[in-house]
Every structure is written in structure tokens, then in C-alpha cells.
Amino acid sequence: MAIADSQATVLRASGAVARRQAVSRAAGWVLLAASLIGVAILIFLAYDTVREGASRLSWRFVTNYPSRFADQAGLRSSILGSAWVMGLTVVVAFPVAIGTAIWIEEFAPKNALLTVIKLNLANLAGVPSIIYGILGLAIFARYFGLGPSIMTGALTLSLMIIPMTVIAAEEAIRQVPQSIRDGSLALGASHWQTVRHHVLPAALPGIMTGVILAVARAAGETAALIMVGAFTFIAFDNTSPFEDFTTVPVQIYNWTIRPQADFRHNAAAAIIVLMVAVLSLNLLAAVIRERFRRD
Amino acid sequence: MAELDTSILRPPTMERPDVRDAGAALAPSREPAVDAILRPSEPALFSLTDLSFWYGHKQVLANISMSFPMNKVTALIGPSGCGKSTLLRCLNRMNDLIRGVRVAGRVEYRGQDIYARDIDPVEVRRRIGMVFQKPNPFPKSIYENAAFGARVNGYRGNMDELVERSLRQAALWDEVKDDLKQIGLALSGGQQQRLCIARALAVQPDVILMDEPCSALDPIATLKIEDLIRELVNEFTIIIVTHNMQQAARVSDYTAFVLADEAGAGHLIEYGTTHDLFTTPKDRRTEEYITGRFG
């Protein structure tokens with residue numbers, strides 16, 4: 001009886017255990033608070049933007065060219081410009097980035113040079129975008145004579161997102177279990193066949209995640225594009241990658257710096273359009289990713 | 001260097017006739033003892049001469065000389081970390097995939113040194129299949145798992161027939177014939193391992209190396225794999241690493257006992273027919289190991 005009684009009391013948290021459990025519960029609340037701060041700020045910003053811009057949202061706002069009259073100005077040319085630049089950026093950057101990641105992870109000799117390359121990639125991913133803008137202006141716009149064109153913008157954004165995409169793709173490739181590679185190689189598959197049929201499909205969901213983040217960053221990029229000369233008045237539809245252009249974030253910046261309050265409503269409305277577009281892209285990419293993951 | 005150096009393993013006080021002396025009386029040749037014990041009279045498929053192996057600076061195998069007979073099951077037994085898996089992976093050059101390894105000595109397969117300069121590891125692995133410790137089916141359908149090896153090796157025949165034949169050989173066909181499109185990972189552990197065996201068979205190899213193929217399986221699944229091994233040995237040469245001595249006794253024709261010295265380098269201690277090794281071990285350490293006194 002005595003033993004049973006003492007065991008019953010021992011099983012109720014007391015002393016050190018009670019303290020540790022209290023700390024554990026407190027940690028849960030602190031972490032929740034940390035998460036809520038971010039969410040609350042995001043909700044407030046979204047609410048403020050919608051309040052400012054909702055009145056300007058209409059189909060005509062999307063289909064009109066820019067104008068010096070705030071109530072007639074629209075996003076037509078900047079949406080087209082963004083679509084052109086994003087499309088070209090994806091086409092240029094991803095083959096290069098994924099190719100680089102595969103080489104680094106699968107084929108490169110693991111030596112000091114590779115360490116230097118990887119370190120530089122990590123540094124490049126942290127370089128401010130305005131620097132890429134200066135580089136793009138000097139090399140693509142001036143040296144190659146492409147001027148402030150869609151091609152210049154796309155190549156500049158490609159340079160900007162290649163490092164971060166390489167790092168994300170590398171990480172995804174590293175996550176593929178060695179046992180899958182061993183299984184394939186033990187069947188007499190060559191290194192490339194193993195990468196092509198097993199490593200890449202297994203790494204694809206992870207690579208896609210990196211790609212989505214990179215696209216989202218490029219889609220919102222302003223500074224680098226202003227630098228290469230996208231800060232212009234475009235009142236025509238782009239039909240070739242060698243034309244002048246503007247993009248939605250540059251248009252937003254353009255409207256924000258004007259003194260008239262009406263243009264600020266335009267800017268807020270354009271932010272809503274951009275957010276919806278980026279969110280839809282992310283959603284689409286997530287759906288594609290899930291499909292790959294299931295197959 | 002050519003002879004088996006086991007002297008460092010032996011406590012200096014222990015004066016027993018060792019492996020070499022025991023063989024010397026039987027077969028008078030240049031290295032009578034080694035040949036008598038370590039080279040079975042059947043035609044050899046693999047012939048190892050002074051095989052040593054290093055991970056970086058750490059030696060894992062020391063002067064292994066032995067041969068593996070054709071169309072027999074040879075078991076490699078020994079305590080964890082004795083180098084038996086490394087020895088197995090030397091036979092199809094799977095160790096090449098690990099950085100900083102070094103191989104010395106000769107591994108002859110049908111008379112050819114597989115580590116010679118002009119030998120391609122992909123050709124080696126095509127002929128020398130491997131089944132791993134943990135079942136590692138590809139995250140693809142059962143059909144694609146079985147077909148992959150043949151496909152990458154440029155098989156031109158009827159793939160459906162090959163898949164069926166391989167799955168039948170691996171005693172899996174009846175269990176999966178109605179859902180070949182199902183993903184291989186959905187099978188039970190034992191079925192997955194038989195799928196991995198089927199996958200290896202579809203390449204039509206000469207040898208199948210098995211690295212503790214049953215260590216992740218329950219007793220019933222283990223028994224099925226063991227029956228399968230006895231079935232397959234009519235057509236293939238099988239070399240199996242196992243830490244389960246009952247398994248070695250049940251499935252193998254020959255057994256080799258490998259033991260690491262104080263520095264961690266594995267030595268071949270004793271090699272002979274499974275019957276002799278388990279009933280009349282010649283070395284005291286073999287006897288102690290098989291009777292469960294260490295390891």
C-alpha cells in the first residue's frame with residue numbers, strides 16, 4: 001500500500017518536472033506570439049492596400065495604357081512587359097541554374113575550387129539587386145547594345161535569380177537518398193541515366209519550390225529594372241523582346257512617387273493585381289509540384 | 001604479401017596449428033595452404049589476390065585472397081564493421097562511388113582484373129548485379145522498377161515478357177501481376193526486396209551480390225528470400241553478406257569468415273565449405289564466433 005501511494009504522488013508533476021513542463025508550455029505561447037506578429041503585420045498591410053486601392057480596381061484598370069490622368073491610367077503595358085520579362089527570365093535562368101546544380105552535386109570533382117565556387121554562389125545570392133541592375137546596364141544594355149529592352153531586363157533578372165535557384169536546386173538534389181542512386185548504378189545505369197531517371201524526378205518538387213521563390217522575387221523586382229531603363233512611358237503592346245518595356249512593380253513605383261493622391265490609389269490597386277498574380281503563380285506551381293510528387 | 005597474414009590477430013600465447021599449416025599437408029603447391037583452403041576446386045568466377053581497401057587513411061580490408069566458385073552461394077560472415085560489406089562492394093566497383101577510397105591488389109572476374117585501367121565500371125555492374133540491405137525500389141511502378149535496368153542497357157526484346165519472367169524468377173509475379181502499375185513502395189518489405197531482386201535479374205546478370213538482404217525483413221519474408229536464393233543459384237552465382245549465421249548455414253555452399261584486427265582492417269580468417277566451417281572450424285576465432293561467444 002505504501003509503495004502504491006508514493007507512486008501515485010510521483011506520477012503527478014512536481015518539483016523539477018513541473019518546472020520543465022511549465023517552461024515547455026510557456027515556450028509554446030512565446031512561439032505562437034512570434035508567429036502572430038508576422039501574420040498580423042501582413043494582414044494589416046493587405047487590409048491597408050485593399051482599402052486604398054479597391055475603388056480603382058476594374059477591368060479597364062487592367063486593360064488601359066498608362067496615362068497622365070489617374071482615373072484613366074491602367075496596367076496594360078506593364079502587365080505585358082512583366083509577362084515578357086518573366087517568361088524570358090524563366091527560359092534563360094532555369095536551364096542554367098538546374099544544369100549548374102546538377103554539375104555541382106553530381107559531377108563536379110569535390111575539391112577546393114568547387115568550395116570556392118559554392119561560396120561565391122552563396123555570396124551572389126545575397127548581392128543587392130541594384131548591383132545586378134548596374135551590371136545589366138553596363139553589359140547587356142551598353143556593351144551588347146541591347147538598350148533598355150525586354151531582353152536586357154530578362155538577362156539581368158536571370159543573373160539575379162540564378163544563384164538562389166542553384167542553391168535551392170542543389171539542396172533538393174542532396175536530399176535524394178543515396179540508396180536510389182546505388183540501386184540505379186548497380187543495374188549498370190550510367191551516371192547520367194541515374195541522374196536523368198531517378199535523381200532529377202525525385203528532386204523536382206524541391207527544385208520547383210526554389211523556382212517558385214525565385215520567380216516571385218523576380219516578379220516583384222524593381223530596382224534592377226529601373227537601373228536598366230524600364231522606367232518609361234509605354235503606350236503600346238510589346239511584340240518583340242528588343243522593345244522598350246515597363247513592368248508592374250516599376251509602374252507601381254512610378255505612381256507612388258507622384259504628388260497626386262489619386263495615383264497612390266492606382267499604386268495600391270496595382271499592388272493588389274501583382275499580389276493576386278504572384279499568388280496564382282505560386283498556387284499553380286504548388287499544384288504541378290504535388291502532381292510530380294504523386295507520380 | 002601474397003600469403004594470408006593473420007598472425008597479428010592471434011594472441012601470442014595461443015599455439016595452435018593455423019589455417020596455413022592445416023592446408024600445407026594436403027596440397028603441395030607454391031602457397032599450398034592458402035590455395036587449398038581459399039580456392040575451392042570448382043571453377044572460379046571471382047579470384048581475389050591481396051585485395052586491400054582504404055577509406056581515406058583507414059584500412060578496412062587487408063590482403064584478402066580467395067576465389068568465389070561459379071553457380072554456388074558463398075556467404076561472407078563476420079561481426080559488424082569487419083569489412084564484409086566493403087569486400088562485397090569491391091566486387092562490382094560500387095565503392096568507386098565513395099570519395100577518398102583506395103583499392104590495392106587484384107579482383108579478377110572471369111580472368112579479367114575489374115580494376116584495370118581500361119575496364120568500365122558500368123560494364124562491370126551490368127554483369128554483376130546487387131541487392132542492398134534496405135529494400136530500395138525506385139519510387140515508380142512495379143513494372144518500371146523491373147524494366148529500368150533492361151531499358152537503360154538498351155534491351156530491344158519484348159519488355160512485357162522480360163518483366164514477367166524477372167518477376168516470376170523472383171517469386172513475386174503471382175502477388176503483383178494484377179497491379180503492375182502500382183508504385184513499388186506500396187509493397188511490403190519482403191515484396192520490395194523481391195522486387196529489387198527481380199530488377200537485378202532483368203538485366204540478365206551473371207552474379208548477384210546480396211548485402212544482408214534480409215536484415216530489414218521479418219522471418220517469413222526472410223524464409224521466402226532464402227528459398228529464392230536456393231532457386232536462383234541454379235542459374236546465377238550468388239555472394240551474400242549476412243550477420244545471421246543460421247542464414248549462412250541454411251543458404252550457402254561456401255562460407256568465409258572475416259574479422260577485423262585492432263586497427264579495424266578486415267582479414268579473411270577462414271574459408272571453406274559451409275558444412276566444414278560450421279561443423280569443424282579450424283580456427284579458434286571462427287569457432288568462437290559461430291558458437292556465439294563474441295561478435
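Predicted model: local features only at pLDDT ≥ 70, side-chain atom pairs only at ≥ 80, totals over all residues.

Tutor: Residues are numbered from 1 along each chain as its sequence is written, and chains are lettered from A and ligands numbered from 1 in the order in which they are written.

Student: How many helices and strands does chain B have?

Tutor: Helices (H or I, at least four residues) and strands (E, at least two) are DSSP runs, numbered from the N terminus. Chain B has 12 helices and 10 strands.

Student: What share of chain B is buried?

Tutor: A residue is buried if 20 or more other C-beta atoms, placed from the backbone, lie within 10 Å of its own, exposed if 12 or fewer, and partly exposed in between. In chain B, 49% of the 295 residues count as buried.

Student: What span does helix 8 of chain B reach?

Tutor: An α-helix has 3.6 residues a turn, so residues three or four places apart point the same way. The expected span is 1.5 Å times one less than the number of residues. Helix 8 of chain B (residues 189–201) has 13 residues and reaches 18 Å from first C-alpha to last, close to the 18 Å expected.

Student: Is helix 8 of chain B mostly covered or mostly open, and what covers its buried residues?

Tutor: Helix 8 of chain B is mostly covered, with 12 of its 13 residues buried; among them are B:L195, B:C196 and B:I197. Two residues are in contact if their C-beta atoms, placed from the backbone, lie within 7 Å. The cover of helix 8 includes strand 6 (128–131), helix 5 (142–152) and helix 9 (219–232) of chain B.

Student: How many residues of chain B are in contact with chain A?

Tutor: There are 21 residues of chain B in contact with 15 residues of chain A. Helix 4 (121–127), strand 6, helix 5 and helix 8 of chain B each supply at least two residues of the side that touches chain A. Ala, Val, Leu, Ile, Met, Phe, Trp, Tyr, Cys and Pro count as nonpolar, Asp, Glu, Lys and Arg as charged, and the others, Gly among them, as polar. That side of chain B divides into 11 nonpolar, five polar and five charged residues.

Student: Where is B:E212 found, and is B:E212 buried or exposed?

Tutor: B:E212 is found in the loop between strand 7 and helix 9 of chain B. Its phi is positive, about 45°, although B:E212 is not a glycine. B:E212 counts as buried because it has 21 C-beta neighbours inside 10 Å.

Student: At what angle do helix 5 and helix 7 of chain A cross?

Tutor: Two packed helices are described by the angle between their axes and the distance between the axes. Axes are lines fitted to C-alpha atoms, for helices over the stretch in contact, and angles run from 0 to 180 degrees between N-to-C directions. The axes of helix 5 (residues 112–125) and helix 7 of chain A come within 8 Å and cross at roughly 125°. Angles under 35 degrees count as roughly parallel, over 145 as roughly antiparallel, 65 to 115 as roughly perpendicular and the rest as oblique. Helix 5 and helix 7 of chain A are therefore oblique to each other. Their contact has eight nonpolar, no polar and no charged residues.
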